[in-house]
Amino acid sequence: MRPEFNEQHKKMCLEVSDELSALTHLNVNIGNIHLELTDYHTFFQRVPEFSYIGLIESKAKKAKFILIFDAALIYKASNILLGGPGIIEERDDSYFTFSEDFIAKEIIEKFLGFYNENEYDAEFVRSEQEIELLHSFYDEQEVCQVVMDCEVKGEKMGKIVICYPQEIYK
Amino acid sequence: MAQETKSSLNALEKSSILLLFLEAEMPGITADILSYIEPNAAKDIYITVENLKKVGSDKLHSVIDEFYQTFIKNECVFGGKNISKELITKAFSDKDKLLNIAQGSRGIFNYLNSFSDEELIDFFAKESRQMTAVLLNFLNEDKLNAIMNKMDTNKIQKLTALMLNLDLPSMELLWKMHYKLDEVLREKARPVTISSEEQINKLAYVFENMIISMRERVFTNLKKTKPEILTEIKKQLVNFEDLVHLSDKDFQNIVYEIRNIRIIALTLQDCSQEMKSKIQANLSDRFQAMLDEELETISSEEIEPQKIQEAKLLWVKTARSLEKQNKIKKLGRRPSQEENKENKGGKV
């Protein structure tokens, strides 16, 4: 792993938190980073069945990586940003509405902003709600898993997880 | 001097200079004024202010003078003042804040009022209650009333409670959503299914030009698989006999376009009495004489059902072609008696 990789992610947490706080006029805090090298199969097993998953492509690094948000994080964040108290509404099925998809993409935009400032030349490719619908890595492939916690106004919203291939972290 | 300045400034620059002057006199008034202006215009003013940099007293006097001449009829005196960069910074330092104030909530999601109640209810059904409450909040009173009347009491109670407790943290984010939602709703409203009017019309056009026996085979199959589509297609389908309802003027246009006396003669071999009368009533004496001659020369062997059918298809095809060129009125509609009187033209 590149020695500056961890530091870069600390900086990312700070910058994205600041961007999101400025956008929402709320105290958004992303932190408590934990990096781990593992194989994709193990990583895959850890991902909840239903989450907001964004596939990102770094043209500069010629590789794709995955950004995953806990469904609860997206539900709560959307509720707060739409003037609610940050609750998760009861729902018969697991899905993201137009507004939740919109908010998730806005958050992803802020991450992309950081990546592009750091010469990743990153672009959003598509979003999915189930990890098994993404086929960007082999099962035995080594990946770097970055886990972060997200809080809004001091309340825990959920986890943000990133899965990088070697092209990016080595 | 004033005249020269007057012509060298555009409306946006004049508005921006006036606003800067007012801000210097009454700090905070700019935001109030901008909240009454359409978001895009407010944005343009903001950009113009950003590019003005320094405004000399001559320009300022000229703008105030013009404003005075145009809008103020009473006597008053304004003092001259150099507008410095500091003043611009002071008045417009927080770009996002200013844009938020300028945009406010005026006009946000205003396009929702143009969608049908059903389209909105359908969208709300797939949305969170919180988002629904936000959008309901921006509907006009009539639309809100119409939508609420179509919801059950339990839902209304929950939504009303949410609407009363809305605490929207970011108008900027809502404006972004405003534009995205507009795209999404318009995309949804666009007809894409086989039952759409456009698609049905296209199919009806194809069937009109099909040999009847083949058309019937397709219809038999459609009747089993998609009876509702078949009914719609039949409603749009124009047959040769439907042309009898056209105005005389439109009918004469078709006859003129066909011109082929043989085709007309063949058509007359197998059509309703009403159609025969319509054709004959719209032929000139010269054309009628030619037709009579043609009818005498047609032998019974020549009158094959296939040929008659082809002749009739040519009538419909010609009518559709003229309809596309707007040379005749839309097919399939019976003109009123008044229209028929108005449209009576000279015979072909």
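User: How many residue pairs in polar contact does the rule find across the interface of chain B and chain A?

Analyst: The rule finds 9, with both residues of each pair at pLDDT 80 or more. A polar contact is a pair of N or O atoms within 3.5 Å; within protein, one must be able to donate a hydrogen and the other to accept it, and residues adjacent in sequence count only if both atoms are side-chain atoms. This is a predicted model: local features need pLDDT of at least 70, side-chain atom pairs count only at pLDDT 80 or more, and totals for chains, interfaces and linings use all residues. Residues are numbered from 1 along each chain as its sequence is written, chains are lettered from A and ligands numbered from 1 in the order in which they are written, and side-chain values use heavy atoms, leaving out hydrogens and water.

User: Why is the pair K176(B) and E106(A) called a salt bridge?

Analyst: A salt bridge is a side-chain nitrogen of Lys or Arg within 4 Å of a carboxyl oxygen of Asp or Glu. The closest N and O atoms of K176(B) and E106(A) are 3.1 Å apart, so the pair meets the definition. Across the interface of chain B and chain A the rule finds 1 salt bridge. Over all chains, the search finds 24.

User: What do K110(A) and E19(A) tie together?

Analyst: Their side chains form a salt bridge at 3.7 Å, N to O. K110(A) sits in helix α4 (98–117) and E19(A) in helix α1, both of chain A, so the pair ties together parts that are 91 residues apart in sequence. Helices (H or I, at least four residues) and strands (E, at least two) are DSSP runs, numbered from the N terminus.

User: What makes up the contact between the chains?

Analyst: 23 residues of chain B are in contact with 20 residues of chain A, contact meaning heavy atoms within 4.5 Å. The buried area is about 1,800 Å², with 63% from carbon and sulfur atoms. That is accessible area (1.4 Å probe) that two parts lose on being put together, summed over both. Q130(B), P169(B) and L173(B) supply 34% of the area that chain B buries against chain A, more than any other three residues.

User: Why are β1 and β4 of chain A called edge strands?

Analyst: Two strands pair if DSSP finds at least two bridges between them. β1 (28–39) and β4 (122–128) of chain A each pair on one side only. The open sheet has 6 strands in the order β1-β5-β6-β3-β2-β4, with antiparallel pairing.

User: How do you know that β2 and β3 of chain A pair?

Analyst: 8 bridges join β2(A) (51–58) to β3(A) (63–70). The cut-off is at least two, so they pair. I53(A) has I68(A) in β3(A) as its bridge partner.
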